[in-house]
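Try each task before reading its solution.

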Amino acid sequence: MDTEQAKPAISKVTPLQQMIASCTGAILTSLMVTPLDVVKIRLQLQNNPYSKRRCFLYCNGLMDHLHFCDEGSNKAWYKKPGRFRGTLDAFSKIIRNEGIKSLWSGLPPTLVMAVPATVIYFTCYDQLSSFMKSKVENEDYIPIFAGIIARLGAVTVISPLELIRTKMQSKVFSYKELHLFVKNKVSHDGWISLWRGWSPTVMRDVPFSALYWYNFEMFKKWLCKNSDKYEPTFGINFTAGAMSGSIASIVTLPFDVVKTHRQTKLWKYDIPQGQNTVPTSTWNIMKQIVSKDGISGLFAGLIPRLIKVAPACAIMVSTYEFGKTFFLQQNLKKQEIHTSALVLK
């Protein structure tokens with residue numbers, strides 16, 4: 001048989017393999033970044049303990065979670081008192097006195113919510129990028145459009161689950177009560193009510209995604225060129241991920257501040273029903289923050305955000321790219337074996 005006829009199409013990474021790679025990256029990122037936020041929260045608590053019905057935002061680099069400080073809760077990140085002199089001291093004392101597992105308090109909600117969202121996001125981005133590259137000649141702006149569409153899809157799919165999860169954190173719900181809550185909400189406010197909070201999330205995450213992927217591809221090409229590498233290495237992907245994540249974090253921080261402000265205010269005023277005293281539009285919240293704290297108020301928490309988001313982006317994308325490279329090599333080996341077998345026939 002002719003060799004050219006026997007040769008199959010060039011192997012690519014399949015969507016399933018992309019999902020496995022992104023899932024691995026999300027889990028690894030959660031495991032590595034969660035302790036940073038647990039320690040941050042514990043350091044904040046020793047000077048300003050959270051009172052009952054007070055909610056706080058827990059963010060581990062992949063997504064944020066709003067938590068209540070209800071009495072009787074045994075969540076290690078805010079229940080136990082702390083007397084720490086700094087970050088390293090907090091790490092050592094938590095491990096010594098409470099066990100190393102305490103550093104991963106809050107990990108379950110991350111794995112339940114962030115991992116599916118990340119799998120959808122990264123897989124859609126790669127599939128859209130491949131499709132667009134086959135249709136257009138100028139590839140420079142493909143990361144922007146693919147990142148926007150992929151993030152819109154991921155946020156839209158996850159938003160109803162995020163609303164349900166946040167409601168469950170306000171108090172203990174049985175599955176029957178949760179079903180009634182969703183049923184009543186849909187019958188009273190319609191299906192669209194399950195996507196409450198979608199717009200501020202999109203305003204933060206979509207620009208972040210567009211900036212992140214565009215800069216990531218640009219930095220990756222630049223680093224490859226300056227390192228005389230034809231293909232990006234793990235180190236190049238890690239560095240490009242950290243740099244692009246840092247830039248996107250700084251630019252989109254005002255929207256993150258607004259989203260956090262909106263979430264916490266809505267929970268604060270959740271008890272007195274029928275009162276609409278909280279500004280809910282992004283523009284009104286921005287004006288309120290600027291009038292109170294000035295322009296700098298829109299960039300509150302910049303350093304803590306960079307400390308978490310930059311390494312999270314670096315770990316996630318480098319692990320994801322490493323996984324894709326691994327699967328690509330395996331596919332090529334299978335292709336070579338298959339081609340050799342056909343030639344022998």
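pLDDT is the predictor's confidence in each residue, on a scale from 0 to 100. This model is predicted, and its pLDDT averages 76, with 71% of the residues scoring at least 70.

**Exercise 1.** Find which elements have the lowest and the highest mean pLDDT.

*Solution.* Next, look at residues 1–10, where pLDDT is below 50 and the model has ten contacts beyond near neighbours in sequence. Residues 266–276 also stay under 50, with eleven contacts beyond four places in sequence. Where pLDDT is low, the predicted coordinates should not be read in detail.

**Exercise 2.** Check the end-to-end span of H8 against its number of residues.

*Solution.* Take the 29 residues of H8 at 1.5 Å a residue, which should give 42 Å. The expected span counts one less than the number of residues. Now compare the end C-alpha atoms: they are 41 Å apart, so the two values agree. After the helix comes Asp228, with a positive phi near 55°.

**Exercise 3.** Describe how H8 and H11 cross, and what meets there.

*Solution.* First, the axes of H8 (residues 198–226) and H11 (residues 302–344) come within 13 Å and cross at roughly 60°. The two helices are therefore oblique to each other, and their crossing is right-handed. Then list the contacts: Phe208, Tyr212, Trp213 and Phe216 of H8 meet Arg305, Val309, Cys313, Val317 and Glu321 of H11. Sorted by type, the contact residues are seven nonpolar, no polar and two charged.

Methods
Residues are numbered from 1 along each chain as its sequence is written. This is a predicted model: local features need pLDDT of at least 70, side-chain atom pairs count only at pLDDT 80 or more; totals for chains, interfaces and linings use all residues. Side-chain values use heavy atoms; hydrogens and water are left out. Axes are lines fitted to C-alpha atoms, for helices over the stretch in contact, and angles run from 0 to 180 degrees between N-to-C directions. Helices (H or I, at least four residues) and strands (E, at least two) are DSSP runs, numbered from the N terminus. Angles under 35 degrees count as roughly parallel, over 145 as roughly antiparallel, 65 to 115 as roughly perpendicular and the rest as oblique. A crossing is left-handed if the near helix is turned anticlockwise from the far one by less than a right angle, and right-handed if clockwise. Contact means heavy atoms within 4.5 Å. Ala, Val, Leu, Ile, Met, Phe, Trp, Tyr, Cys and Pro count as nonpolar, Asp, Glu, Lys and Arg as charged, and the others, Gly among them, as polar.
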